[in-house]
Amino acid sequence: MLSCKELRAAGRQALSDNWGTAAAIMLVYMLICCVLGIPSQAADFLKLQPGVEPSLLTLLSSTTLVLSIIFLPMQWGISTMFLDLHRGGTISFDGLFEGFTGGRYTRILRTYLLMYIFIFLWMLLLIVPGILKAFSYAMAPFILKDEPTLGAREVLAKSSAMMKGRRWHLFCLYLSFIGWGLLAILTCGIGVLWLTPYMQSAFAAFYEDARADFEAQQAAEAPQQATL
(Lines give C-alpha, C1' and ligand atoms only; values in the text may rest on other atoms or scores of the structure.)
Protein backbone atom coordinates (compact mmCIF):
# COMPACT_ATOMS: atom_id res chain seq x y z
CA MET A 1 0.00 0.00 0.00
CA LEU A 2 1.48 3.32 -1.08
CA SER A 3 1.83 6.07 1.50
CA CYS A 4 -0.08 9.35 1.25
CA LYS A 5 3.15 11.07 0.23
CA GLU A 6 3.71 8.56 -2.57
CA LEU A 7 0.09 8.89 -3.76
CA ARG A 8 0.37 12.67 -3.90
CA ALA A 9 3.67 12.35 -5.78
CA ALA A 10 2.00 10.01 -8.28
CA GLY A 11 -0.81 12.52 -8.66
CA ARG A 12 1.62 15.34 -9.39
CA GLN A 13 3.59 13.20 -11.82
CA ALA A 14 0.48 12.37 -13.83
CA LEU A 15 -0.42 16.06 -13.97
CA SER A 16 3.09 17.27 -14.76
CA ASP A 17 2.27 18.42 -18.31
CA ASN A 18 -1.47 18.87 -17.82
CA TRP A 19 -1.94 21.41 -15.02
CA GLY A 20 -3.28 24.13 -17.31
CA THR A 21 -5.77 21.87 -19.08
CA ALA A 22 -6.94 20.39 -15.78
CA ALA A 23 -7.49 23.84 -14.26
CA ALA A 24 -9.44 24.98 -17.35
CA ILE A 25 -11.67 21.89 -17.17
CA MET A 26 -12.34 22.54 -13.47
CA LEU A 27 -13.26 26.13 -14.27
CA VAL A 28 -15.83 24.96 -16.84
CA TYR A 29 -17.18 22.38 -14.39
CA MET A 30 -17.58 24.98 -11.63
CA LEU A 31 -19.27 27.42 -14.00
CA ILE A 32 -21.75 24.72 -15.02
CA CYS A 33 -22.44 23.96 -11.36
CA CYS A 34 -23.07 27.67 -10.74
CA VAL A 35 -25.54 27.79 -13.64
CA LEU A 36 -27.34 24.71 -12.31
CA GLY A 37 -27.65 26.42 -8.94
CA ILE A 38 -29.32 29.58 -10.31
CA PRO A 39 -32.90 28.41 -9.59
CA SER A 40 -31.99 27.69 -5.96
CA GLN A 41 -30.27 31.06 -5.62
CA ALA A 42 -33.34 32.72 -7.10
CA ALA A 43 -35.51 30.92 -4.53
CA ASP A 44 -33.29 32.16 -1.69
CA PHE A 45 -33.59 35.73 -3.00
CA LEU A 46 -37.36 35.53 -3.43
CA LYS A 47 -37.77 34.27 0.14
CA LEU A 48 -36.77 37.75 1.26
CA GLN A 49 -39.43 39.37 -0.88
CA PRO A 50 -43.02 39.83 0.39
CA GLY A 51 -45.95 38.15 -1.28
CA VAL A 52 -44.06 35.44 -3.14
CA GLU A 53 -46.04 32.26 -3.74
CA PRO A 54 -44.61 29.29 -1.78
CA SER A 55 -45.32 27.09 -4.78
CA LEU A 56 -42.88 29.15 -6.86
CA LEU A 57 -40.15 28.74 -4.26
CA THR A 58 -40.77 25.00 -4.19
CA LEU A 59 -40.63 24.83 -7.98
CA LEU A 60 -37.32 26.68 -8.13
CA SER A 61 -35.73 24.52 -5.43
CA SER A 62 -37.03 21.36 -7.09
CA THR A 63 -35.62 22.49 -10.42
CA THR A 64 -32.13 22.72 -8.92
CA LEU A 65 -32.47 19.23 -7.48
CA VAL A 66 -33.62 17.77 -10.79
CA LEU A 67 -30.83 19.49 -12.72
CA SER A 68 -28.25 18.27 -10.22
CA ILE A 69 -29.46 14.69 -10.68
CA ILE A 70 -29.51 14.98 -14.47
CA PHE A 71 -25.91 16.20 -14.52
CA LEU A 72 -24.56 13.65 -11.99
CA PRO A 73 -22.50 11.90 -14.71
CA MET A 74 -20.26 14.98 -14.81
CA GLN A 75 -19.03 14.02 -11.33
CA TRP A 76 -18.10 10.65 -12.77
CA GLY A 77 -16.27 12.34 -15.63
CA ILE A 78 -14.21 14.45 -13.21
CA SER A 79 -13.02 11.30 -11.43
CA THR A 80 -12.38 9.01 -14.36
CA MET A 81 -10.55 11.45 -16.62
CA PHE A 82 -7.69 11.48 -14.13
CA LEU A 83 -7.66 7.68 -14.09
CA ASP A 84 -7.08 7.81 -17.85
CA LEU A 85 -4.23 10.21 -17.21
CA HIS A 86 -2.54 7.74 -14.86
CA ARG A 87 -2.80 5.08 -17.54
CA GLY A 88 -0.90 7.10 -20.09
CA GLY A 89 -3.85 8.88 -21.66
CA THR A 90 -4.66 12.55 -21.83
CA ILE A 91 -7.34 14.77 -20.36
CA SER A 92 -9.65 16.99 -22.36
CA PHE A 93 -12.98 18.74 -22.08
CA ASP A 94 -14.58 15.69 -23.71
CA GLY A 95 -13.81 13.70 -20.57
CA LEU A 96 -16.09 15.95 -18.53
CA PHE A 97 -19.06 14.84 -20.62
CA GLU A 98 -18.02 11.24 -21.29
CA GLY A 99 -20.70 9.98 -18.90
CA PHE A 100 -23.39 11.24 -21.26
CA THR A 101 -22.12 9.18 -24.20
CA GLY A 102 -21.69 5.55 -25.19
CA GLY A 103 -24.74 4.31 -23.30
CA ARG A 104 -23.15 5.08 -19.93
CA TYR A 105 -25.64 7.66 -18.72
CA THR A 106 -28.35 5.42 -17.23
CA ARG A 107 -25.87 3.09 -15.52
CA ILE A 108 -23.91 5.94 -13.96
CA LEU A 109 -27.04 7.74 -12.84
CA ARG A 110 -28.53 4.59 -11.32
CA THR A 111 -25.31 3.78 -9.43
CA TYR A 112 -24.83 7.29 -8.05
CA LEU A 113 -28.46 7.58 -6.95
CA LEU A 114 -28.34 4.20 -5.22
CA MET A 115 -25.07 5.14 -3.55
CA TYR A 116 -26.43 8.43 -2.21
CA ILE A 117 -29.61 6.73 -1.00
CA PHE A 118 -27.61 4.13 0.93
CA ILE A 119 -25.34 6.80 2.44
CA PHE A 120 -28.37 8.88 3.44
CA LEU A 121 -30.04 5.88 5.09
CA TRP A 122 -26.89 5.13 7.06
CA MET A 123 -26.70 8.80 8.06
CA LEU A 124 -30.19 8.47 9.56
CA LEU A 125 -28.77 5.94 12.01
CA LEU A 126 -25.67 7.86 13.02
CA ILE A 127 -23.30 10.28 11.30
CA VAL A 128 -20.23 8.05 11.64
CA PRO A 129 -21.73 4.96 9.93
CA GLY A 130 -22.81 7.22 7.08
CA ILE A 131 -19.30 8.60 6.69
CA LEU A 132 -17.82 5.09 6.78
CA LYS A 133 -20.25 3.97 4.10
CA ALA A 134 -19.29 6.96 1.94
CA PHE A 135 -15.63 5.87 2.15
CA SER A 136 -16.64 2.29 1.34
CA TYR A 137 -18.23 3.49 -1.90
CA ALA A 138 -15.37 5.83 -2.84
CA MET A 139 -14.05 3.52 -5.57
CA ALA A 140 -17.44 3.20 -7.30
CA PRO A 141 -16.73 5.78 -10.07
CA PHE A 142 -13.55 3.98 -11.10
CA ILE A 143 -15.16 0.53 -10.95
CA LEU A 144 -17.99 1.84 -13.13
CA LYS A 145 -15.38 2.64 -15.75
CA ASP A 146 -13.34 -0.56 -15.45
CA GLU A 147 -16.24 -3.00 -15.05
CA PRO A 148 -18.87 -2.03 -17.68
CA THR A 149 -20.84 -5.26 -17.16
CA LEU A 150 -21.48 -4.79 -13.43
CA GLY A 151 -24.83 -3.47 -12.20
CA ALA A 152 -25.22 -0.68 -9.65
CA ARG A 153 -25.39 -2.97 -6.62
CA GLU A 154 -22.45 -5.03 -7.84
CA VAL A 155 -20.35 -1.89 -8.31
CA LEU A 156 -21.08 -0.73 -4.77
CA ALA A 157 -20.44 -4.20 -3.37
CA LYS A 158 -17.08 -4.42 -5.12
CA SER A 159 -16.11 -0.94 -3.92
CA SER A 160 -16.93 -1.97 -0.34
CA ALA A 161 -14.85 -5.13 -0.69
CA MET A 162 -11.94 -3.22 -2.19
CA MET A 163 -12.02 -0.58 0.56
CA LYS A 164 -12.04 -3.10 3.39
CA GLY A 165 -9.07 -2.17 5.54
CA ARG A 166 -8.33 0.87 3.39
CA ARG A 167 -10.90 3.44 4.56
CA TRP A 168 -8.57 4.93 7.16
CA HIS A 169 -5.82 5.24 4.56
CA LEU A 170 -8.15 7.16 2.23
CA PHE A 171 -9.23 9.37 5.12
CA CYS A 172 -5.58 10.17 5.83
CA LEU A 173 -5.09 11.02 2.16
CA TYR A 174 -7.95 13.52 2.42
CA LEU A 175 -6.38 15.02 5.55
CA SER A 176 -3.02 15.38 3.82
CA PHE A 177 -4.56 18.04 1.55
CA ILE A 178 -5.68 20.32 4.40
CA GLY A 179 -2.65 22.58 4.04
CA TRP A 180 -3.25 22.92 0.31
CA GLY A 181 -6.88 23.67 1.01
CA LEU A 182 -5.93 26.54 3.30
CA LEU A 183 -3.67 27.94 0.60
CA ALA A 184 -6.52 27.70 -1.91
CA ILE A 185 -8.73 29.71 0.46
CA LEU A 186 -6.05 32.39 0.76
CA THR A 187 -6.16 32.82 -3.03
CA CYS A 188 -9.89 33.65 -2.78
CA GLY A 189 -10.73 30.20 -4.06
CA ILE A 190 -8.80 30.48 -7.31
CA GLY A 191 -6.35 27.84 -6.08
CA VAL A 192 -9.20 25.31 -6.07
CA LEU A 193 -8.84 25.12 -9.86
CA TRP A 194 -5.47 23.44 -9.31
CA LEU A 195 -6.12 21.77 -5.96
CA THR A 196 -9.12 19.76 -7.16
CA PRO A 197 -7.24 18.14 -10.09
CA TYR A 198 -4.34 17.43 -7.73
CA MET A 199 -6.68 15.66 -5.30
CA GLN A 200 -8.54 13.78 -8.03
CA SER A 201 -5.27 12.62 -9.55
CA ALA A 202 -4.07 11.37 -6.15
CA PHE A 203 -7.38 9.55 -5.63
CA ALA A 204 -6.97 7.88 -9.02
CA ALA A 205 -3.52 6.73 -7.90
CA PHE A 206 -5.12 5.42 -4.71
CA TYR A 207 -7.57 3.38 -6.78
CA GLU A 208 -4.85 1.91 -8.97
CA ASP A 209 -2.89 0.89 -5.86
CA ALA A 210 -5.98 -0.51 -4.09
CA ARG A 211 -7.11 -2.39 -7.20
CA ALA A 212 -3.68 -4.01 -7.62
CA ASP A 213 -3.64 -5.12 -3.97
CA PHE A 214 -7.24 -6.34 -4.15
CA GLU A 215 -6.65 -8.39 -7.29
CA ALA A 216 -3.45 -9.86 -5.84
CA GLN A 217 -5.35 -10.82 -2.69
CA GLN A 218 -8.11 -12.46 -4.73
CA ALA A 219 -5.56 -14.36 -6.81
CA ALA A 220 -3.89 -15.63 -3.64
CA GLU A 221 -7.20 -16.75 -2.13
CA ALA A 222 -8.45 -18.51 -5.27
CA PRO A 223 -6.25 -21.65 -4.95
CA GLN A 224 -7.19 -21.99 -1.26
CA GLN A 225 -10.92 -21.80 -2.08
CA ALA A 226 -10.49 -24.34 -4.89
CA THR A 227 -9.04 -26.93 -2.50
CA LEU A 228 -11.92 -26.63 0.01
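First, the conventions. This is a predicted model, in which local features need pLDDT of at least 70 and side-chain atom pairs count only at pLDDT 80 or more, while totals for chains, interfaces and linings use all residues. Residues are numbered from 1 along each chain as its sequence is written, and side-chain values use heavy atoms, with hydrogens and water left out.

The protein chain has 13 helices and zero strands; here helices are DSSP runs of H or I with at least four residues, strands are runs of E with at least two, and both are numbered from the N terminus. The C-alpha trace spans about 75 × 40 × 35 Å along its principal axes. Of the 228 residues, 39% count as buried. Buried means under 20% relative accessible area, exposed means over 50%, and partly exposed lies in between, with a 1.4 Å probe and protein chains only.

Let us turn to helix H1. How far apart are the end C-alpha atoms of H1? They are 17 Å apart, which agrees with the 16 Å that the 12 residues of H1, residues 4-15, should span at 1.5 Å a residue. The expected span is 1.5 Å times one less than the number of residues. The buried residues of H1 are Cys4, Leu7, Arg8, Gly11, Ala14 and Leu15. Seen down the axis of H1, these buried residues fall within an arc of 125°, so they line one face of the helix. That arc is taken over the directions from the helix axis to the C-beta atoms. On the face of H1 turned away from the buried side sit the exposed residues Lys5 and Gln13.

Next, the aromatic rings. A pair of aromatic rings is described by the distance of the centres and the angle of the planes. Rings of Phe, Tyr and Trp (for Trp, the six-membered ring) pair if their centres lie within 6.5 Å; planes under 30 degrees apart count as stacked, over 60 as edge-to-face and the rest as tilted. By this rule the count comes to 13 aromatic pairs. One of them, Tyr112 with Tyr116, is edge-to-face, at 6.1 Å centre to centre and 65° between the planes. Both tyrosines lie in helix H7, residues 105-125, four residues apart, about one turn of the helix. Tyr112 is buried, at 4% relative accessible area, whereas Tyr116 is partly exposed, at 36%. The rings of Trp168 and Phe171 have centres 5.3 Å apart and planes at 35°, so this pair is tilted. Trp168 and Phe171 are three residues apart in helix H11, and about one helical turn separates them. Ring pairs also link a cluster whose members include Trp19, Phe135, Trp168, Phe171 and Tyr198.

Trp168 and Phe171 lead us to the surface. Together with Leu175, Ile178, Leu182 and Ile185, they form a nonpolar patch with about 640 Å² of accessible area. Areas come from the Shrake-Rupley method with a 1.4 Å probe, and for residues only the protein chains shown count as cover. Patch residues have over 30% relative accessible area and no salt bridge; nonpolar side chains (Val, Leu, Ile, Met, Phe, Trp, Tyr) are joined within 5 Å, like charges within 9 Å. Helix H11 (167-175) and helix H12 (178-186) each supply at least two residues of the patch. Trp168 is exposed, at 60% relative accessible area; Phe171 is partly exposed, at 31%. Leu175, found in H11, is partly exposed as well, at 40%.

Finally, the salt bridges. With a side-chain nitrogen of Lys or Arg required within 4 Å of a carboxyl oxygen of Asp or Glu, the count comes to eight. Asp146 pairs with Arg87, the closest N and O atoms being 2.7 Å apart. Which parts of the chain does this pair link? Asp146 is in helix H9 (residues 140-146) and Arg87 in the loop between helix H5 (73-86) and helix H6 (93-96); these parts are distant, 59 residues apart. Asp146 is partly exposed, at 26%, and so is Arg87, at 37%. In helix H13 (residues 192-227), Arg211 and Glu215 are four residues apart, about one helical turn, and their side chains meet in a salt bridge at 3.5 Å, N to O. Arg87, Asp146, Glu208, Arg211 and Glu215 are linked in a network of salt bridges.
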